[in-house]
Amino acid sequence: MGLPPEVRRSEALSLTPRRVTEAWLGDLLDGYGRDPAVILADAIPSRERDLVAVTGIDFHSICPHHLLPSRGVAHVAYVPSDRIAGFGQIVQLVDALAHRYVLQEDLARGVADALMRHLGARGAACILDAEQLCMTVRGGRRPHARAHADAFLGVLARDARLQSRFLRLVGRPRGKR
């Protein structure tokens, strides 16, 4: 990195390689060890057929282009078929998919797709609002910029009434998707 020798030899940096490795493997990229199918496997049978939403889920991920973190809030909704997931399972699903090298757009789609595929949801949606450090601390250096991505699948992509309900829950008026 071109650091001066006295910085490279400093005591403050002596354990840095181990700390960095632990952070990357144990916190930033631990999602590779979690399977969305396993997370959603313990869903319980239900006759519920109305919108289920969990909002305000803090998340972080790593941009595969710059290896810089992003941090934000996820809002997730689904319309059950015959099983429902616990709210904690939804949070675990977001973490499992976010704690990887992932673009924000792909993360939104991945969460919604996992609910459709592994829970059998009739519809699913994920809205993400995040600070991308590749945009705020480098490049354009816009410290207040936010990136938004969303995915709407199945009945949540087709039913304007359900979509509006979800958008209202997350504070977005219809048409501001």
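At 16% relative accessibility, Cys 134 counts as buried, where buried means under 20% relative accessible area, exposed means over 50%, and partly exposed lies in between, with a 1.4 Å probe and protein chains only. This is a predicted model, in which local features need pLDDT of at least 70 and side-chain atom pairs count only at pLDDT 80 or more, while totals for chains, interfaces and linings use all residues. Residues are numbered from 1 along each chain as its sequence is written, and side-chain values use heavy atoms, with hydrogens and water left out.

**Cysteines**

- A search of the whole structure finds zero disulfides, a disulfide being a pair of cysteine sulfur atoms within 2.5 Å.
- The sulfur of Cys 134 has its closest cysteine sulfur in Cys 63, and because the two are 4.1 Å apart, they are too far from each other for a bond.
- Cys 126 is in no disulfide either, since the nearest cysteine sulfur, that of Cys 63, is 17 Å away.
- Cys 126 counts as buried, because its relative accessibility is 0%.

**The largest nonpolar core**

- A nonpolar core is a set of buried Ala, Val, Leu, Ile, Met, Phe, Trp, Tyr and Cys residues joined through side-chain atoms within 4.5 Å.
- The largest such core holds 33 residues, of which Tyr 78, Val 111 and Leu 115 touch the most other members.
- Among the elements that give two or more residues to this core are β3 (69-79), α4 (87-98) and α5 (104-119), where helices (H or I, at least four residues) and strands (E, at least two) are DSSP runs numbered from the N terminus.
- Helix α5 gives the most to this core, with seven residues.
- Apart from this core lies another, of 12 residues, among them Ile 127, Phe 152, Val 155 and Val 170.

**Val 111 and Leu 97**

- Not counting residues up to four places away in sequence, Val 111 touches Val 76, Leu 93, Val 94, Leu 97 and Cys 126, contact meaning heavy atoms within 4.5 Å.
- Leu 97 has its place in helix α4, and Leu 97 is buried because its relative accessible area is 12%.
- Leaving out residues up to four places away in sequence, Leu 97 touches Pro 36, Val 102, Leu 107, Gly 110, Val 111 and Ala 114.

**Helix α8**

- Helix α8 (residues 160-169) has as its buried residues Leu 162, Gln 163, Ser 164, Phe 166 and Leu 167.
- These buried residues of α8 pack against β2, β3, β5, β6 and α7 (155-158).
- After α8 comes Gly 171, whose phi is positive, near 80°.
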